[in-house]
Amino acid sequence: MASLKGQKIVVVGGSSGIGLGVAAAALQHGADVVIVGRSSEKLEAAQCSLGQDRRVTSFAVDITKEQDVARAFDDVGPFDHLVSTAGTPPPGDAIERIDIDVVRRFFDSKLISAVTLAKHAARTLRKGGSMTFTSGINKDRPPVPGGAVVAATAGSFGYFAHALALELAPTRVNVVSPGWVDTPMWDDMVGEAKVGYFAQMAARLPAGRIATPADVAAAYVYLMESELTTGETMHIDGGQRLV
Ligand SMILES: NC(=O)c1ccc[n+]([C@@H]2O[C@H](COP(=O)([O-])OP(=O)(O)OC[C@H]3O[C@@H](n4cnc5c(N)ncnc54)[C@H](OP(=O)(O)O)[C@@H]3O)[C@@H](O)[C@H]2O)c1
C-alpha cells in the first residue's frame, strides 16, 4: 500500500458530506488536500471544520463549466489523487412526468462533469496516482417510481472506470458506491423526515445503522492507497443491496 503522507489530493465535493469526510480522512493520513465546490461559503465552513489546517486549500469551481475546471487544475498544479463526490439531489418524478431539461442538467452535473474532471485532471495528475468517482445504491435499488434517471447515471460510473482504468494506466480509476449516508444532501431532500427514513432503513440493514461520511471515507482512502486496485467499484452500503 502506498502512503498518503505528503500526497496532494483534490477532493471535488470536499465542502460537504462524503467529500468533507474524505478530506478529513486524507488529512489524518498526512496528505495535503484541495477541496472544491461551487459555494465559497461552504468551502470556508469546511475549512473551519477541518481546523483551519494549513494543508487544506480550496477552490470555488462549478464543475459543469469546462473552462473553470481547466483553470482550476492549472492553478492546482501537479497532484497525486483525484476524488469526486460532487452531486446534487436527483430528479425523482415518474417517467411520464419527467422534465427533460432537469434530466439534462442532472446528467451534466453528475456524468458530463466527471468526464470533464477526468479530461483536465489527466494533464497534471501523477502517472500511477488515482481517480475515484462516486456512484450509489440507486443503481442497485432504484426508488420506484422515479429512479430511472439516477440509476442510469450511477450505473454508468462502473463502465466509465473500466474504460478509463485501461486508457490512463498506470493511473488507477475506481468508484465508490455508497448506500445511504447521513449528509446534508438528505436534509436538503427530505428535511426532518430524514429521522424516520433512517430509522426504518437502519432496521432493515444487515449492518443495523446508517453510514456516516467517515465510514465511507475509509473506502476512498483504501482506493488511493491500494496500488493494485483499478477499474473497481467498492460498495459501502451496510448490505443495502441485499435487502
Ligand atoms: N448521501 C447519500 O446517502 C448518498 C448515497 C449514495 C450516493 N451518494 C452520492 O454521493 C455524492 C455526494 O453526496 P453527499 O451526500 O456527500 O452530498 P452533499 O453533502 O450535498 O455534498 C455535495 C458536494 O458536491 C458539491 N457540488 C455539487 N455540485 C457541484 C458542482 N456543479 N461543482 C462543484 N461542486 C459541486 C457541493 O458543493 P456546492 O453545493 O457548494 O457546489 C458539495 O460539496 C452525490 O453524488 C450523491 O448522489 C450519496
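Just after helix 2, Gly51 takes a positive phi of about 80 degrees, where helices (H or I, at least four residues) and strands (E, at least two) are DSSP runs numbered from the N terminus. The model is predicted, with local features requiring pLDDT of at least 70 and side-chain atom pairs counting only at pLDDT 80 or more, while totals for chains, interfaces and linings use all residues. Residues are numbered from 1 along each chain as its sequence is written, and side-chain values use heavy atoms, with hydrogens and water left out.

Most residues other than glycine have a negative phi. At 53% relative accessibility, Gln52 counts as exposed; here exposed means over 50% relative accessible area, buried under 20%, and partly exposed in between, with a 1.4 Å probe and protein chains only.

Within helix 2 itself (residues 40-49), Leu43, Ala46 and Gln47 are buried. These three lie on the same side of helix 2 because they cover an arc of only 100 degrees around the axis, the arc being that of the directions from the helix axis to the C-beta atoms. Their cover includes helix 1 (17-28), strand 2 (32-37) and strand 3 (56-60), through contacts defined as heavy atoms within 4.5 Å. On the other side of helix 2, Glu41, Glu44 and Ser49 are exposed, and for Glu41 the relative accessible area is 61%. From C-alpha to C-alpha, Glu41 is 22 Å from Ala25, at a separation of 16 residues in sequence.

**The ligand and its shell**

The ligand is surrounded by 28 residues, of which the closest are Ser16, Arg38, Lys42, Lys110 and Thr183; a residue is counted if one of its heavy atoms lies within 4 Å.

| Residue | Protein atom | Ligand atom | Distance |
|---|---|---|---|
| Ser16 | polar side-chain atom | oxygen | 2.6 Å |
| Asp62 | polar side-chain atom | nitrogen | 3.0 Å |
| Ile63 | backbone N or O atom | nitrogen | 3.0 Å |

Taken alone, the ligand exposes 890 Å², and the protein buries 92% of that, with accessible areas from the Shrake-Rupley method and a 1.4 Å probe, and with only the protein chains shown counting as cover for residues. Helix 1 and helix 6 (184-190) each supply at least two residues of the shell, and helix 6 gives the most, with 3 residues.

**Helix 7 and the residues around it**

In helix 7 (residues 194-204), the buried residues are Lys194, Phe198, Met201 and Ala202. Seen down the axis, these buried residues fall within an arc of 100 degrees, so they line one face of helix 7. Helix 6 is included in what covers them, whereas Gln200 and Ala203, on the other side of helix 7, are exposed.

Met201 is also one of the contacts of Gln240, which, leaving aside neighbours within four places in sequence, include Ile137, Arg141, Gly179, Trp180 and Leu205 as well. Gln240 lies in the segment after strand 7 (233-236) and is buried, with a relative accessible area of 4%. A polar atom of the Gln240 side chain lies 3.1 Å from the backbone nitrogen of Trp180.

Trp180 is likewise in contact with Ala211, together with Val181, Asp182 and Val216, when neighbours of Ala211 within four places in sequence are left aside. Ala211 is in the loop between helix 7 and helix 8 (213-225) and counts as buried at 14% relative accessibility. Ala211 and Asp237 are 26 residues apart in sequence, with their C-alpha atoms 7.6 Å apart in space.

**Cis peptide bonds**

Most peptide bonds are trans. The bond from Val144 to Pro145 is cis, with omega near -5 degrees, and Pro145 is placed in the loop between strand 5 (125-134) and helix 5 (148-167). The bond from Ala169 to Pro170 is cis, with omega near 15 degrees, and Pro170 is placed in the loop between helix 5 and strand 6 (172-178).

Methods:
Polar contact = N/O pair within 3.5 Å; in protein donor to acceptor, adjacent residues only side chain to side chain.
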